[in-house]
Amino acid sequence: MAATKHPPHNASRTKPESAGKRLLREHKEVAVRSWRRLWLSPLANLLTWLTLAIAITLPASLLLLLSQAQHLGQQLNQEHQMSVFLVPHATLEQGQLLSQEILARPDIANVTYISAAQALASFKTNSGLADILGSLTDNPLPATLLIAPENTAQTPQAMSQLTQQLRQLTLVDQVLVNMAWLDRLHAILAASQRVTYSLAFLLALGVLLVVGNTVRLQIESRKQEILVIKLVGGTDAYLRRPFLYAGFWAGLFAALLAWIIIQLGVSYLHEPLLQLAQSYQSPWQLQGLGWVGSLMLLATSCSLSLLGASLAVGRQLRLIEPQ
Amino acid sequence: MIEFQQVSKSYHDKHALVSANFHLQRGDMAFLTGHSGAGKSTLLKLIMLMERPTSGKVIVDRQDLSQLSRTQVPAHRRKIGLVFQNHQLLLDYSVFDNVALPLKISGYNERDSSRRVRAALDKVGLLDKEKLSPSVLSSGEQQRIGIARAIVNKPKLILADEPTGNLDPALSAEVMRLFQQFNQVGVSVLIASHDLNLIQRLPHPVIQLNQGQLSGPFAMAGH
């Protein structure tokens, strides 16, 4: 027979492979094979990836907006100062001493002391009432401390506690802080955070179901192959692998598509949001996904898809048994 | 190599196998006959662990199969070369890849794998067809590909379920000659077949199954 044309090889010539090396080689083979399989039905795959990408884009872009809104909130908070009006008889030295004492507190970031004279001078230039004010014999304005609390002390509770403590100081006449504004900002951010998290949770479930269903259909269409592999002794791990890789690739492509959609959206919104921020004299701008954000998007998408695939594949493969 | 001890298998009320005892020694070749529905497939499925017996003990290669858990089934199946009546080839795989499947599963590398695949294809005389799809081959050739796949892993035991069911007498005889060759190099072979004409001309013992009951030379405990 043809055997003479193919001299038998010496089997002992090949060195035995280590288990780790073998596993790595097998994974590489499956990765390549499942990658090639993707391009056998590119349109169907593209549709799946787009579905996944949209499901990922929604919560991801909301999270992006939310985190930047929180940034904006913090920026505004930093500028947000409490005004502490001192009693009229407080001297310049007393005012400066008090300002240093308050600055020494751990929850205070910055204190600016404005003496009664400075306040009057500033009011004269800004109000256009210089003539009337000039006719006054007494300065009607009190000395003021403008206080910026630390970021950590900007919760509504901490702020009201701080206000109470400042009011008890003997030199302090009045403390003004726009608590309602602060409360509202915190409430809005907290509510949007919960809405976003709920949406993210639901859409993550959606991703699991979409990938799970896709993998289930793939398994169904390769039933014959799976049966034969089971009959010649393929392990569950061996059978699972190509479908897990298919899930991983779906996650990868969905992440790439979602990334493109988000970056396009950011550049589309950038201009109007910039104008809005500038109208408030804020340096805030809408940023795209940075390196960290992009990697998080990729990791989340891939691991969700992988999870969806593994949930479906474990169940589905057990249903296919040679009869 | 294969030992059945008081093995029964029922599906609902139907008794597919009743208190079957037989022992196929290492290196033996035997036929299993009986009309369809007599329990031939059940017996093979019990050996392949596609089914578990209702009672009794099946021992293959000194391993009591009832001791094997679900996760140990694949390793057990890799020890057995299985040939099907309808060959069970994958039509979107090439001939080469079909035969290479058991090796791929066992984790052989490309070089060792292709060497063994070529040797197996050479054995069944189809080395020149390795790149084709099985769908373009004749049924006799397809069956030989199925046999090449069964022997590529060098199993100690070959099971064949009606391997000549779709073949004409000349091709059937050829397929049987292949099994005899494997048997001559020490492989145990059990062939389920109802092709009595062919079986009677061959010098191998015949186990008969009739409504789930065994009779024949191996039907006692040992022979």
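**Arg22(A), a partly exposed residue at 32% relative accessibility.** Here, buried means under 20% relative accessible area, exposed over 50% and partly exposed in between (1.4 Å probe, protein chains only). This is a predicted model: local features need pLDDT of at least 70 and side-chain atom pairs count only at pLDDT 80 or more, while totals for chains, interfaces and linings use all residues. Residues are numbered from 1 along each chain as its sequence is written, chains are lettered from A and ligands numbered from 1 in the order in which they are written, and side-chain values use heavy atoms, leaving out hydrogens and water. Arg22(A) pairs with Glu26(A) in a salt bridge, 3.1 Å from N to O; the term stands for a side-chain nitrogen of Lys or Arg within 4 Å of a carboxyl oxygen of Asp or Glu. Both residues sit in helix α1 of chain A, four residues apart, which is about one turn of the helix. Helices (H or I, at least four residues) and strands (E, at least two) are DSSP runs, numbered from the N terminus. Glu26(A), for its part, is buried at 7%.

**Where chain A meets chain B, with 30 residues from chain A and 29 residues from chain B in contact.** Contact means heavy atoms within 4.5 Å. Together the two chains bury about 2600 Å², 54% of it on carbon and sulfur atoms; this is the accessible area (1.4 Å probe) that two parts lose on being put together, summed over both. Two salt bridges cross this interface. In one of the salt bridges, Arg70(B) reaches Glu321(A), with the closest N and O atoms 3.5 Å apart. Lys230(A), Asp236(A), Glu321(A) and Arg70(B) also form a salt-bridge network.

**Polar contacts and the chain A side, with eight residue pairs counted between the chains (both at pLDDT 80 or more).** On the side of chain A that touches chain B, the elements giving two or more residues are α1 (19–38), α8 (223–231) and α9 (236–279). Of these, α8(A) gives the most, with six residues. A polar contact is a pair of N or O atoms within 3.5 Å; within protein, one must be able to donate a hydrogen and the other to accept it, and residues adjacent in sequence count only if both atoms are side-chain atoms.

**Glu162(B) and Lys40(B), joined by a salt bridge at 3.5 Å, N to O.** Glu162(B) lies in the loop between β7 and α6 (169–184) of chain B and Lys40(B) in helix α1 (residues 40–48) of chain B, so the pair ties together parts that are 122 residues apart in sequence. Glu162(B) is buried, at 7%, and Lys40(B) is buried, at 7%.

**Arg144(B) and Glu174(B), a salt bridge with the closest N and O atoms 3.5 Å apart.** Arg144(B) belongs to helix α5 and Glu174(B) to helix α6 of chain B, so this pair ties together parts that are 30 residues apart in sequence. Arg144(B) is buried at 12%, whereas Glu174(B) is partly exposed at 29%.

**Asp61(B), a residue other than glycine with a positive phi of about 50 degrees.** Look for Asp61(B) in the loop between β4 (55–60) and β5 (63–64) of chain B. Asp61(B) is buried, at 14%.

**Lys154(B), not a glycine, with a positive phi near 50 degrees.** You will find Lys154(B) in the loop between α5 (139–151) and β7 (157–161) of chain B. Lys154(B) is exposed, at 62%.
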